[in-house]
Amino acid sequence: MTDTPFDPTTVPIKAAATVMMVRDKNLDGSEGLEVFMLRRTGRASFAAGMYVFPGGRVDDVDHADEIAPFCKGLTDDEASAQLSIESGGLAYWVASIRECFEEAGVLLAERSDGAPLDVDEDERHHIHDGTLSMVELAQRHGLVLDLSTTHYVDHWITPIGENRRFDTRFFVTLAPSDQEGLHDDKETVESLWVRPQDALEMHARGDLMMLPPTIYNLKFLAEHGSAADAIAAGEARTDVPCILPKMRTDDAGKFIGIALPGDPDYDML
């Protein structure tokens, strides 16, 4: 019996969301913009060992109608229009908040009564393992998810040829001043706040492994001198194009690199 040959055209494309949390290291912004990044475990089935922003797959729970009453600043119709889809856009924003809490321990929410957040580490892990939903967490703590503060800035689809493919929307948001962020020691094993330009230079030296979408979005952030500038630029973005990289291979079929739209060989691949 022989194994069925791998057919790259049949790999399902799964919806995903990732969020770039930005801050100014000093309250006066004198040291400029930093972004929070995580290193994925070397055992991960996708992007193993890579430095990424918090994010992951959009799950069924993110589409739950029950979460909508706990959201403000954006309706599903408005979110879907931004993403150029018919419906279900709100789930991408909810997924980015859920994944940020799971992977980074930062909850992008506030109490409806204005009191400080009192969510604990156990609840973070219960959200991660699925024994607690975002709806239940919101009900328990009287949470409100202000989606108007998280802005859609980029859209990438994993190239044909990969064993796992994702249709990923990138968002930018201001990090809460009272939450620091820390990897979960499960899916992610290291975390850091870093200036975008420093991260790009570390990648060039081989110190940080990153995928093209991460590099591309770090370049976007590096154009801005403060977190407020990056947030304003994100809010101003409209008609975000979809970027579909293509895999370059040699004559033997071995992967040798990625081509992006605009590259001389892109249309020939």
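Q: Which residues of helix H7 (residues 227-236) are buried?
A: Ala227, Ala230, Ile231, Ala233 and Gly234 are buried in H7, where buried means under 20% relative accessible area, exposed over 50%, and partly exposed in between (1.4 Å probe, protein chains only). This is a predicted model, in which local features need pLDDT of at least 70, side-chain atom pairs count only at pLDDT 80 or more, and totals for chains, interfaces and linings use all residues. Residues are numbered from 1 along each chain as its sequence is written, and side-chain values use heavy atoms, with hydrogens and water left out.

Q: What covers the buried residues of H7?
A: The cover includes strand E1 (13-24), strand E2 (33-40), strand E8 (150-157), strand E9 (165-174) and helix H6 (212-222). Helices (H or I, at least four residues) and strands (E, at least two) are DSSP runs, numbered from the N terminus.

Q: How do you know on which side of helix H5 its buried residues lie?
A: The buried residues of H5 (residues 196-204) are Pro196, Ala199 and Leu200. They cover an arc of only 100 degrees around the axis, which puts them on the same side of H5. Among the elements that cover them are E2, strand E10 (188-194) and H6.

Q: Why is the pair of Trp156 and Tyr216 called edge-to-face?
A: The ring centres of Trp156 and Tyr216 are 5.4 Å apart, with 75 degrees between the planes. Rings of Phe, Tyr and Trp (its six-membered ring) pair if their centres lie within 6.5 Å; planes under 30 degrees apart count as stacked, over 60 as edge-to-face and the rest as tilted. The 75 degrees of Trp156 and Tyr216 therefore falls in the edge-to-face class. The pair links distant parts of the chain, since Trp156 is in E8 and Tyr216 is in H6, 60 residues apart.

Q: Why is Ser96 called buried?
A: Its relative accessible area is 1%, so Ser96 falls under the 20% limit. Ser96 lies in helix H2 (residues 90-104). Not counting residues up to four places away in sequence, Ser96 touches Ala17, Val19, Thr150 and Phe171, where contact means heavy atoms within 4.5 Å. Phe171 also forms one aromatic cluster with Trp93 and Tyr152.

Q: What makes the phi of Ser84 worth a note?
A: Most residues other than glycine have a negative phi. Ser84 is a residue other than glycine, yet its phi is positive, near 60 degrees. Ser84 lies in the loop between helix H1 (76-83) and H2. At 67% relative accessibility, it counts as exposed.

Q: Where does Asp239 lie, and what is its phi?
A: Asp239 is in the loop between H7 and strand E11 (242-243). It is not a glycine, but its phi is positive, about 50 degrees. With a relative accessible area of 75%, Asp239 is exposed.

Note on methods:
The arc is that of the directions from the helix axis to the C-beta atoms.
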